[in-house]
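Hi,

Here is the structure I promised to pass on. My notes on it follow below.

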Amino acid sequence: MDFQVVVLAGGSSKNLTPLVSKELPKPLLPVANRPVLSYVLHQLEQNNLKDLIVVVEGEDTALVVGAWISGTFIDRLHVEIAAVPEDIGTAGAIRAISHHLTAKDILVVSGDLVSDVPPGAVAATHRRHDAAVTAMLSSIPVSGPLDSGSSGGKDKAKKLGRYNIIGLDPGKQFLLHIATGAEIEKDARLPKHILRAVGQMEIRSDLMDAHMYAFKRSVLQEVLDLKDTFQSLKEDVLPYLVRSQLKSEALSNRTPQGEENGNEKVTSQNNQVFVSRILANSSTPSFHDHSSENPDGSAPTRKTHKCCAYIASSGSYCVRLNSIQAFMDINRDVTGEADHLLTGTSSDPNNNIGPSPKLGTKTTVGPHCMLGEGSEIGDKCQVKRSVIGRHCRIGSHVKVVNSVVMNHVTIGDGCIIQSSVVCSNVQLQERVVLKDCQVGAGFVVTAGSEYKAESLARKEK
Amino acid sequence: MDPRRSARTVSDPKVRQVGFFTPAAPPERSCSDPPRQQDLIQPQSPSSTQVNDHFRSGDSLSPVMIPPPPHHHSDTLHRTALQVTSPKTAFSYSARTVTIPTENDDVPSSLSPSRKVVAVKSPSSYPGVRASSVPASELTTVSVVNLPPGISEKAGGGASVEVQNDRPVRSKSLKEKTSKAERRAMQEAQRAAKAAAKAEGTKASSAATKVVTSANTKPSKAAKPSSQKNDGSQFAASEKKVGDRAPEKDRKKDAPHPRMQYDDTSRVEKAKKRAVVKQTEVRNRVELFRHLPQYEHGTQLPDLETKFFELDPMHPAVYKVGLQYLSGDIRGGNARCIAMFQAFKEAIKDYSTPPEKTLIRDLTARISSYVSFLIECRPLSVSMGNAIKFLKNQIAKLPLALSESEAKATLVSDIDRFINEKIIVAEKVIVKHAVTKIRDGDVLLTYGASSAVEMILLHAHELGKQFRVVVVDSRPKLEGQLLLRRLVRKGLSCTYTHVNAVSCIMQEVTRVFLGASSVLSNGTVYSRVGTACVAMVAHAFRVPVLVCCEAYKFHERVQLDSICFNELGNPDAISKVHGREDINYLDGFVNRENLQLLNLVYDATPSDYVSMIITDYGMIPPTSVPVIVREYRREHLWS
């Protein structure tokens, strides 16, 4: 289908600091005991997209991620990994690999997307409109833990800051305006010329940019070449394209046609004009056509390009793992309501809930839980809505609620863990109480200590 | 209703009149027109057999201008016709068996039963290799990683065999392996590589040879125990490809008949199984039109979109056109035909004959699969049907000796020629003819948005003729507004009204120009729904009706009503008013058992209402359509 897929896996992430580390980069962060990257790759595989370019920040990270991919998706996917320097942003990453892009259109997917929206739908929308860029929008997921109301207020405040303002045309097909998080302070500026051309704009703030884009390659490369300062696809490139859609400056939308005609006869060129006029007249004109043509009806003088939106249907699941809260949410959803994301993904067949772990007497494991292979739980424990990784040893009288416990964690007797994330190789000694905490990999929590809403991590040496 | 019917049966038993008829049609249509027009109308009771006689006696005043056909071989028609039909039926068998031996030289002269297994396997292992051979080539540096895939794979170590195999599939530039010598060279290389692999590891080679020579019994089991993961999986992949391919071929073989009767449940079920596009049928359909396909609108597009990457055999350009048909982004006979041909052109340019196949047969099958996909998106228009017939015929006529690139170039130029001659030049000729019918002071009425009519009006305006245009439109498509917009912008003076008011506005009209989707051989004009109504009113007011239609849209079918062949649009379009939320009287009623919504797309205008048809062969009475079909079909389709 002449699409190239670029997965922006990223590397370390500041938002997830205690959880990710050199050894465990963000793409490999386990969500329900599977690296988050596997969700994207699996979905692409299901959609028959088997040639991928995975872009990873940092060479070491690339090695780790590459090793994991080759171990998991051997014989199933053809993956090429590109390492890019850190902190060059998503646009920089694309710029770094842009000379490898050859297909007509590029599908850019963020590696931290956990979603069941078929990428084909985005691509098809893109093709149908012959757009310069198509972005997938999805409704903002419900954030925060379901039952505990303690952190609800804080989350809400956080969410307010992440508002996206998205303007759509009445048909909900074209993006007219997009402003994300940081740009919005008190007032939003809307481009007047676009508003005038369309006549009507629907402003939505309940949609988020899912970071799955289809770009026309020529446009993307040109924008990246022209604008050296652009750092991020989401915050620079996309708004730029949306802003300039009615007066695209150097975007080669229609130039190639002229080149092709160059050596042909004049008559055939006339014919082409004729043909394109028939085609244009027969199709429903979008506002692009209206605004580009002069009032006296002569041929369009201004170039335009289309920025489309694909809005994921309300029933589909689509969340980005870009914060600790999102990490918790995804873990909860994937084991709970969105468990179809797990079924059939065969990267690790031992993902079922509790076949192999050894449970002590009077230990209860509630619904929506996941226990990894080889984990042992002592007597009289309670596990609710939690994910516990492989080869964990949990003592007696331990309560784990709404938490994520990764692999090889040792938890002493009498610990209480609530709404926390405990990374791999952590040792919790006896009677530790954690609430809303994040414990970095390899940390040792001394016996009897109590923490609330803190992030604990080993000091970097 | 009743009096009309009885009157008709009594007055003219000769002609079966179905559809729109005014009570007591005037015996002579005439007046308000120059005398030439009268000649044209002369054949009052059309019946196709008379046409010839009429022509022979053709009076000198007649505006019919039919040049004799350039070459006239009476029997070529039959011969070529045979040629066309034969590949359709036989392609699936012969293509394979003929060419096997040349491709599989390295198979140690296998027994005849086993040969069949090999034949299935070897071509399919080409694409299969691609996915399996390359264990995610992790290369840390940017520059090395994304070399053109054929090269980067070499880093994968012992995959040299696959690298050779890969190339033709992976890189597009290499796809056009033109000469036999080249192919042979590649085989040679493969064999060498295989030998090398044998030397390296006996395990691998044994697996490989097993794959190739394994007896006809159960090849998959034979290969599975092979310890080398690479080979096993490669094999599995290849197997899967074979699986994929069977249904694809199936689909090609029994593509839904374009005129399938959709009230036959068993057939509909069968068609559904094959269909690429998910088709949920609307439950409440009007009894008379139950044989036509009607699908739940809005379910098809999202479903097709999700499958975007899963339809391997579909070319992206074709896919795009299909999506555009489905979403209504492209409509109108000419535009759909051009869009389809441009997509096919892309597809042909990217086409490369798979090994062991001949271009003629494989490409025909490929085109057929595209066409059946397009039919699923939206039923074909007559113009597209004729164009497809033309293309398939051109493919069938390709000399066998032609090399692939030459054949492709020929086809592309054929397509260009078709678009040029049959659509572009035809329209220009139509405009030239039609403009002579426009005089100063005329009031011209048109319905809907026909590209030909638009061009006529614009051209007449450029010539400085003083006339007024009445654009009649109808819900739900309101295509007339688009036409109106373009006309007004060019400075024509226009009146816009809806079809309900046509009887009032008709009084001041002096000529009616209509477009057509097709003209059938009994002179019936098949066009956007509402055309018949306009033509009938014009006839009642004795206003001449001129239909502009390119000759490639003519069809030899005879149709008396608009029931047996038609298309059903989205019923929601008529039950809701766009932009008027307050008109919601039907909300909640749409799914009632006793409510049936009918949104017809086309209707048939009887030839009685048509004064003249303007085609690229001149201005003809509707009774002369069969002549054009007979004389020129041969030229432009079978020549």
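A word on terms before the findings: helices (H or I, at least four residues) and strands (E, at least two) are DSSP runs, numbered from the N terminus. This is a predicted model, in which local features need pLDDT of at least 70, side-chain atom pairs count only at pLDDT 80 or more, and totals for chains, interfaces and linings use all residues. Residues are numbered from 1 along each chain as its sequence is written, chains are lettered from A and ligands numbered from 1 in the order in which they are written, and side-chain values use heavy atoms, leaving out hydrogens and water.

Now to the backbone. His391(A) sits in the loop between β20 (387–388) and β21 (393–394) of chain A. His391(A) has a positive phi of about 55° although it is not a glycine, and at 40% relative accessibility it is partly exposed (buried means under 20% relative accessible area, exposed over 50%, partly exposed in between, with a 1.4 Å probe and protein chains only). Asp130(A), in the loop between α4 (119–129) and β8 (133–139) of chain A, also has a positive phi of about 55° without being a glycine. Most residues other than glycine have a negative phi, and most peptide bonds are trans. In chain B, the peptide bond from Arg475(B) to Pro476(B) is cis, with omega near -5°.

Six strands of chain A form an open, parallel sheet in the order β16-β19-β22-β25-β28-β31 (two strands pair if DSSP finds at least two bridges between them). Its edge strands, β16 (364–365) and β31 (450–452) of chain A, each pair on one side only.

Best wishes
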